[in-house]
Amino acid sequence: MYEEEALSEPKRLMIFIISPVRNISDSEKIILTDIVKRAELEGHSVYWPLRNTDQTDNIGYAICRQNIKAMESCDEVWIWWNPESEGSVFDLGVLLCLKEYLHIPVKLLNQPIATKGKSFSNIILRLTGYI
């Protein structure tokens with residue numbers, strides 16, 4: 001049994017990354033591009049809206065639908081939190097809804113700052129077990 005486990009390949013994941021798209025900073029883009037490349041080199045599939053979602057929709061509805069569909073089929077959600085990103089707030093709402101029945105694991109790629117009151121940063125920290 002132990003030999004079989006040692007010989008089995010690691011699980012390949014479908015990962016959805018929540019991150020800024022429209023107003024992503026140059027430094028965020030460099031860091032996230034590296035994270036995506038490393039995950040894919042490990043054999044995982046990564047859906048990164050900056051790269052994989054057709055952003056030409058002038059209203060945004062089709063963009064939201066594409067992200068919902070991708071998140072529904074993922075094994076994990078990784079979050080690079082930037083509280084200024086409106087799209088990330090939407091994607092976080094989708095994650096909250098899906099997590100209730102799909103129990104999707106969530107991984108933080110950066111560290112949101114906890115606040116004293118209600119905030120999306122606190123929600124993310126709660127989702128990932130930090131508070």
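Reading from the N terminus, the elements of the protein come in the order α-β-α-β-α-α-β-α-β-α. That makes six helices and four strands in total. The model is a predicted one, so everything below is computed from predicted coordinates.

Buried residues account for 41% of the 131. Looking at contacts with a sequence separation of 6 or more, 65% of them join residues 24 or more positions apart.

Then there is the surface. The accessible area of the protein is about 8500 Å², and carbon and sulfur atoms hold 55% of that. As for charge, 14 positive side chains go with 18 negative ones, and the centres of the two sets sit 6 Å apart.

Now for the inside. The largest nonpolar core has 20 residues, and the members that touch the most others are F16, I18, M71, C74, V77, I79 and L95. At least two residues of this core come from each of β1 (14-18), α4 (61-72), β3 (76-79), α5 (86-102), β4 (106-108) and α6 (120-127). Helix α5 gives the largest share, with four residues.

The loop between α5 and β4 is worth a look of its own. H103 is found in this loop, and its phi is positive, about 55°, even though H103 is not a glycine. H103 counts as exposed because its relative accessibility is 59%, above the 50% cut-off for that class.

P105 belongs to the loop between α5 and β4 too. With a relative accessible area of 41%, P105 is partly exposed, as that class covers values between 20% and 50%. Once neighbours within four places in sequence are set aside, the contacts of P105 are D75, E76, V77 and K99. One of these partners, V77, is also on the list of residues that touch the most other members of the largest core. P105 and T128 are 23 residues apart along the chain, and their C-alpha atoms are separated by 8.2 Å.

What about helix α2, which spans residues 26-41? E40 is part of this helix. The relative accessible area of E40 is 32%, so E40 is partly exposed. Not counting residues up to four places away in sequence, E40 touches V46 and R51. From E40 to I104 there are 64 residues in sequence, and the C-alpha to C-alpha distance is 19 Å.

Note on methods: Residues are numbered from 1 along each chain as its sequence is written. This is a predicted model: local features need pLDDT of at least 70, side-chain atom pairs count only at pLDDT 80 or more; totals for chains, interfaces and linings use all residues. Side-chain values use heavy atoms; hydrogens and water are left out. Buried means under 20% relative accessible area, exposed over 50%, partly exposed in between (1.4 Å probe, protein chains only). Contact means heavy atoms within 4.5 Å. Accessible areas come from the Shrake-Rupley method with a 1.4 Å probe; for residues, only the protein chains shown count as cover. Lys and Arg count as positive and Asp and Glu as negative; His and the chain ends are not counted. The place of a charge is taken as NZ of Lys, CZ of Arg, CG of Asp or CD of Glu. A nonpolar core is a set of buried Ala, Val, Leu, Ile, Met, Phe, Trp, Tyr and Cys residues joined through side-chain atoms within 4.5 Å.
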